[in-house]
Amino acid sequence: MAVEVRVLGIAQAVQNLREMADAIQKRVTRKAVRAATRVIMRQVKTTTYGGGRTKRTGLLVRSISMAMSSKRDVIKGKVVARPVNVTGKSKVAQHVRRARKAKLGNATEMAAFYWRFLEKGTGPRATKGGANRGHVRALPWVVPAFDAKSGEALDVFTKIFNRETEDEARKIYLKGRKP
C-alpha cells in the first residue's frame with residue numbers, strides 16, 4: 001500500500017534550500033513530506049470501510065500507517081500496511097484471534113496483506129483440482145483517496161515547507177548576529 005507524492009516546479013524553494021546546509025534541507029523537507037503524507041493517510045483510513053468493504057476484525061484500518069524513506073536527495077512518504085500486534089486485549093486483537101483461530105498459531109503480529117486484493121481485485125481462481133473459486137471484484141479506495149486529497153496534501157506541503165524554511169533562515173540569521 002504505497003502511495004508516492006512528488007512535488008515538482010518549486011524553483012524558489014529549491015534555490016532557498018541550496019543556500020542552507022544539507023542537514024537543514026533534509027529536516028525541512030522531511031517535515032513537509034510527513035505532513036502531506038499524513039493528509040493522504042487519514043483519508044485512506046476514513047474511507048477504508050465503505051464502498052462494499054465490510055468491517056470484520058478491524059485489522060485492515062489498524063494496519064494502515066505511513067513510512068518515510070530517503071535515498072540520496074529523494075525523500076519519500078508512503079502509506080503502507082504494517083503488522084499489528086494481535087496478542088493484546090484490544091477489540092481488534094480479540095476479533096482477529098477469533099476470526100483466524102486455526103491459522104494464527106503462535107504469531108504475535110499480523111498485517112492486512114489482503115488490501116491489494118480488495119483494491120485491485122483478482123482474476124478467476126481455481127484449485128489444483130480445477131474447482132472454481134471465483135474472483136474478487138475490485139473495490140478501490142486507496143487511489144481515490146489519493147486523488148481526492150492530493151491537492152490538499154500539496155497545499156499542506158507548501159505551507160509547512162515555507163514555514164520551516166523561514167524558521168531555519170531566522171535561526172541562521174540570529175545565530176550570525178550574536179557576538
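Start by selecting R27: at 39% relative accessibility, R27 counts as partly exposed. Here buried means under 20% relative accessible area, exposed means over 50%, and partly exposed is in between (1.4 Å probe, protein chains only). Before going on, know that this is a predicted model: local features need pLDDT of at least 70, side-chain atom pairs count only at pLDDT 80 or more, and totals for chains, interfaces and linings use all residues. Residues are numbered from 1 along each chain as its sequence is written, and side-chain values use heavy atoms, with hydrogens and water left out.

R27 and E168 form a salt bridge, with the closest N and O atoms 3.3 Å apart. A salt bridge is a side-chain nitrogen of Lys or Arg within 4 Å of a carboxyl oxygen of Asp or Glu. Since R27 sits in helix α2 and E168 in helix α7, the pair ties together parts that are 141 residues apart in sequence. Is E168 buried or exposed? At 4% relative accessibility, E168 counts as buried.

Next, pick K31 and E164. Their side chains meet in another salt bridge, at 3.2 Å from N to O. This pair also links distant parts of the chain: K31 is in helix α2 and E164 in helix α7, 133 residues apart. E164 counts as buried at 10% relative accessibility, while K31, at 39%, counts as partly exposed.

Move on to D167 and R170, whose side chains form a salt bridge at 3.0 Å, N to O. These two are three residues apart in helix α7, so about one helical turn separates them. D167 is partly exposed at 24% relative accessibility, and R170 is partly exposed at 46%. Then select K31, R163 and E164 together: salt bridges that share partners join them into one network. How many salt bridges are there by this rule? The count comes to five.

Stay in helix α7 (residues 142–177) and highlight F157 and F161, which lie four residues apart, about one turn of the helix. Both are buried. A search of the whole structure finds three aromatic pairs, and F157 with F161 is a stacked one: 5.6 Å centre to centre, 15° between the planes. Rings of Phe, Tyr and Trp (its six-membered ring) pair if their centres lie within 6.5 Å; planes under 30 degrees apart count as stacked, over 60 as edge-to-face and the rest as tilted.

Now jump to F113, Y114 and F117, which form one aromatic cluster. The rings of F113 and Y114 have centres 5.7 Å apart and planes at 80°, so this pair is edge-to-face. Y114 is buried, with a relative accessible area of 18%.

V44 is buried, with a relative accessible area of 0%. Show K149 too: it is 105 residues from V44 along the chain, and their C-alpha atoms are separated by 9.5 Å.

Finally, zoom out and switch to a cartoon view. The protein has seven helices and six strands, which are DSSP runs numbered from the N terminus (helices: H or I, at least four residues; strands: E, at least two). From the N terminus on, the elements run α-α-α-β-β-β-α-α-β-α-β-β-α. Of the 179 residues, 32% count as buried.
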